[in-house]
Amino acid sequence: MFAASEAAAETAAVALKSGWFLENAWIIPIIPAVAFALIIFFGKKLPMKGSELGVLSMVATLVLAGGAAFQWIDRVNSASEGQYIEPVIRSWNWWQSGGFDLSIGQHMDGLSLTVLVVVAFISTLVQIYSLEYLRGDRRYTHFFASLTLFSAGMMNMVIADNMIQLILGWEIMGLCSFMLIGHWWEDKANSRAALKAFFTTRTGDIGLLVGTSILFFSANSWTQEHLGVSGFSIRGLSAWALSGSPGSVAITAGAFALFVACIGKSGQFPLHTWLPDAMAGPTPVSSLLHSSTMVVAGVFLVARLFPVFYEGMNIYGSSMNFITLIGGITIIIAALLAFVQDDIKKVLAYSTVSQLGYMMMGLGAGAWLPAVFHIFTHAFFKACLFLAAGSVSHSGSHHSFDMKKDMGGLRKYMPITFVTWVISTLALCGVFPLSGFFSKDEIIDNVGYAGYDIFMIVGLVGAFMTAAYMTRATYLTFFGEPRGAAAGEHHEEAGHDDHGHDAHAAGHGHGHDAHAAGHHDDHGHGHDDHGSHGPHESNAFITVPLVILATLAIGAGLLNATPFGEKWENMKKWIEPRPVVVGDVDHASVGEVRGFRTADTLPATQDSAVSEETVLTEETAVAMEEGVSPEAKAAPAPLMATAAPAAGGEEGGEEAIAYAAEDGHSAEAGGYDSHGSDCGKKTPEAGVCYAPYVKHAPFKWAKAALSMAIVFAGLILSWLVSVQLYTRKRGFFVGLTQKNKLLAAGHAFLVNKYYLDHLYEKIIVRGIAHPIAKGAYWINQNILDGIINGTGIGAKGVARWVYRNVDQRVVDGAVNGSGAVARGAGGALRPVQSGKVNQYGALLFAAAAVAGLVLIIINT
Amino acid sequence: MVAQNIAFGIVAAIMVWGALRVVTVKNVVHAALWLVLVLAGAAAQYVILAAEFVAITQVLVYIGAVMVLFLFGTMLTRARIGAEQELNNNSWWLGVPSAGILLGVITLALVSGFGDEELPKDAAVVTTQEISDQIFGPYLLPFWALSFVLLVAVIGAIVLARKD
Amino acid sequence: MLVNQFLILAAVLFCIGVYGVIARRNAVMVLMSIELILNSVNLNLIAFALRNGSVDGHIFALYIIAVAAAEVGVGLALVLLVYRNRKSIGLEELSEMKG
């Protein structure tokens, strides 16, 4: 079947190219998964304790992912203009139960390849970096095992062709995140942070399960009928969302539920609190998981199922929706929080949260491509920033992350780190022509162009704040006078406790005694190596990844440089799915009319649910080729089938003929970008859409100049303030927050992170943990005591003369009475908790009987 | 049909009587023997309902294995085989209203739900092959899970009951 | 044969089982009552299988029998353990859960 259809594809004018790497991309996540198993079982016996396996597997995946990406570009180039580029989908039956088929496979398209390459690339660099950063660590082998498993999980999620596989990868990542944040779990703060990250994201994950089920049950019959795939299939869900058949409640509820999961995973407001705490993990982990890859999983999910969100959230043509709202709020609040952090990694963490807000906001406003491109560019410069921060702490500040205490003036000692940091900072701020400019500015621009005006302003304000807080961090770290450890101070006794512990929030004053011992063992090397002399540059294992990432931070933006004209918009060409109506592939391809198709070229897509292996791409190409008439071929026509009969398997042949679109349509459809496509706006009459139509803002230098001006204003203003505040200690700025009440309140509000943690831990968590006890206690303390006190006071106040007659009886009676009532209520309920199983059983069944009775009464 | 109805009536009467004795007798071993009667009655009902394989399994597993377990359990926990005082607990009377209301509710629901609906008259006996086709086909995953449950139960029982 | 004759028989057995669970103080007796309940459920399943003309009910009944066997095994092991520690299997004495 494979060979035959390939032969057929060769003759086709519009057949899509494919290749080994693309067809076999499913191997990519398997490599790190196997490496993980090997590291766990044999890692400790290997010469480099298993780290070589991790690095090798990452390099292998990078090669495979790169090959697949090149073949994808080839594939895009082989397509005619306006043709839908069918993703390379393969799926196998994983297991089935009671007529419930679950498949596993790959769904390779521009989006998944982009993220795949990013993950493979950053993982490789971070693992190399970790070779040095974690040298001599107690759980060195386990660290690399977890890191490798994480990559396997993420890649599995990225290539997933259905929701179940996606959830699998998603949860593996959650697990690895937990293990890696708590890598130094001897420190209580670390294990707490790990638990917090785990529980917070899990709270969101309920949404993932609920949303997946909602979508499955509402989409399954449609997808089975029209595409022959289950309701878990991402391709099926996308087509279903745009088919006009889903009820608005179902798709809205599904989209909302899924977005809750994205909020949790991608650290969006109000579940962003776990991400800064996650910085308790080793710096390479922060760099890989919590800035550039794992946390974009939520963004990825929105981008992956964009049609579902497009319809469910009503993205097209509105001016505000849930996604943009959350994204916009996140941008601002996270950027504000970044100003009050003294821990360099926490600044970066809030910056990450804020940038994820940009991506979400972009997606919510329909700026799909800029948002995905921002995933791509952000990964490089944010990973670089984190690794630079790690380099500073590793070699410059004696394992401290406190900018105010232990850094300053490091540019002289650490030139490479400094230069890469500054490049990445400028890229993050979106300075032309670094990579951040091309993605972030495009997001802001497109958000405004799509009609989300408020959010464009939010984006610009966010850009200003980004520039400002990054300048503050840069100034504190690399300029001014060296302080603390950066000045070469030794803290032999006390200092050990203050700065001896590695990657966690320094100076937060927790359990020094408890963990000091553990860190002596873990990082004793650090004190031997660095404690004896002052700050210095890190070695090549650290600087080489930094330089590579910084280079990409400069150059990656050129892949989609909108300002330079359409020729430069490569990403748009490569990864943006084209919003064209695709013929009802499966039904068209089983038509009886085309007698020349031999039995074995007849694809098995008809019963793809049970077929062992489904290679959709080749068949699709064939089907498309056959659907296009000679005239249409001459003027390379997209498959805008307009006059096709109603979809139905029996009429496949007719349909195929109907795809011979008239020439009149081909001209219009060829330029779908300028004329607009109906996908996402109207129900396609025949065939299906896989991607909705989104607007693209035309680039204008004036707008770019405006945002540049804002960014530079932020940079310069913040620089000036920083110089005044941190170096010259000018009276006006120093202690401003203490002098002005409003500012002080705002500062406290920010330092306490909007009191969200208090809300979650003090109110919600404890409220759930002991609601009854607490409520009863509260009633006891406030109401009962209040009654008693009130009665007492009132009685005293009214008159003393009744004291002997009335008081003695009434008040005492009330007091005793209220006490007796409380005791009585407690006493009445107490026997219920007798601890006797039989009585519990009696209550259980009696309750069941009563419930049954109620049901009967209601139903009759 | 009449024959089936008569058979049902007799077996049902035996089962109800046996079940009542199970929950009222004062001797644990006697209760276990009455339980055997009820289980055997259930097997007979399965045969009437054209479920031969389930009936056989019932006899093998319940009457064969489970009852032996019960008798062993009785022997190991009480040396005394004879009658016992106070086999019921002090709040045994709670059971009467609970079970009574439950029975009333269920009967009400069943009568209003199914009324005089007849079972199909000449239904073919379900063969073992049909059942195995289902178990090893669509229900393979639950079967698998069940195997794990049994494995865990075996290990758990050993861990709990061994003496150290 | 009526559907209801089987279903009501099952209901009666179920309620007798419920009574047993509530009334008995001997743990082994409670387990026996639970067996009664499980059997009544099986009877329902088989009756419905015949009514609907499908095999699914049989499968479920078989699974329930298997699970019941596992349950009795573990349950009796627990009882044995309790007896060894307390020289009694009266459920009334096991009231650590008392609130």
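# Close-up views of a predicted three-chain model

**View 1. Chain C meets chain B.** In this contact, 61 residues of chain C touch 75 residues of chain B. The model is predicted. Three helices of chain C, α1 (3-23), α2 (27-52) and α3 (56-86), each give at least two residues to the side that touches chain B. The most comes from α3(C), with 20 residues. Sorted by class, this side of chain C holds 46 nonpolar, 10 polar and five charged residues.

**View 2. Two helices of chain C pack together.** Here α2(C) and α3(C) lie with their axes 9 Å apart, at an angle of about 175°. Why is this pair called roughly antiparallel? Angles over 145 degrees count as roughly antiparallel. The angle of about 175° therefore makes α2(C) roughly antiparallel to α3(C). Their contact has 18 nonpolar residues, four polar ones and two charged ones.

**View 3. Chain B is built from helices.** Chain B has six helices and zero strands. Along the sequence, the pattern reads α-α-α-α-α-α. Of the 164 residues in chain B, 31% are buried. Now take the contacts in chain B between residues at least 6 apart in sequence. Of these, 58% join residues at least 24 apart.

View 4. Is B:A50 buried or partly exposed? Count the other C-beta atoms within 10 Å: there are 19. A buried residue needs 20 or more, and an exposed one has 12 or fewer. So B:A50 is partly exposed.

**View 5. Chain A meets chain B.** In this contact, 14 residues of chain A touch 14 residues of chain B. On the chain A side, β1 (88-97) and α38 (837-859) each supply at least two residues. The largest share, 10 residues, comes from α38(A). By class, this side of chain A has eight nonpolar and six polar residues, and no charged ones.

View 6. Of the 15 residues of α20(A), 14 are buried, so the helix is largely enclosed by the rest of the structure. After α20(A) comes A:G451, with a positive phi near 100°.

**View 7. Helix α7 of chain A.** This helix runs over residues 163-181 of chain A and has 19 residues. From first C-alpha to last, α7(A) reaches 26 Å, close to the 27 Å expected at 1.5 Å a residue. Of the 19 residues of α7(A), 14 are buried, so this helix is largely enclosed by the rest of the structure.

**View 8. A cis peptide bond in chain A.** The bond joins A:F269 and A:P270. Its omega is about 5°. Where is A:P270 found? Look in the loop between α10 (248-265) and α11 (274-277) of chain A.

Technical notes
Residues are numbered from 1 along each chain as its sequence is written. Chains are lettered from A and ligands numbered from 1 in the order in which they are written. This is a predicted model: local features need pLDDT of at least 70, side-chain atom pairs count only at pLDDT 80 or more; totals for chains, interfaces and linings use all residues. Helices (H or I, at least four residues) and strands (E, at least two) are DSSP runs, numbered from the N terminus. Two residues are in contact if their C-beta atoms, placed from the backbone, lie within 7 Å. Ala, Val, Leu, Ile, Met, Phe, Trp, Tyr, Cys and Pro count as nonpolar, Asp, Glu, Lys and Arg as charged, and the others, Gly among them, as polar. The expected span of a helix is 1.5 Å times one less than its number of residues. Axes are lines fitted to C-alpha atoms, for helices over the stretch in contact, and angles run from 0 to 180 degrees between N-to-C directions. Angles under 35 degrees count as roughly parallel, over 145 as roughly antiparallel, 65 to 115 as roughly perpendicular and the rest as oblique.
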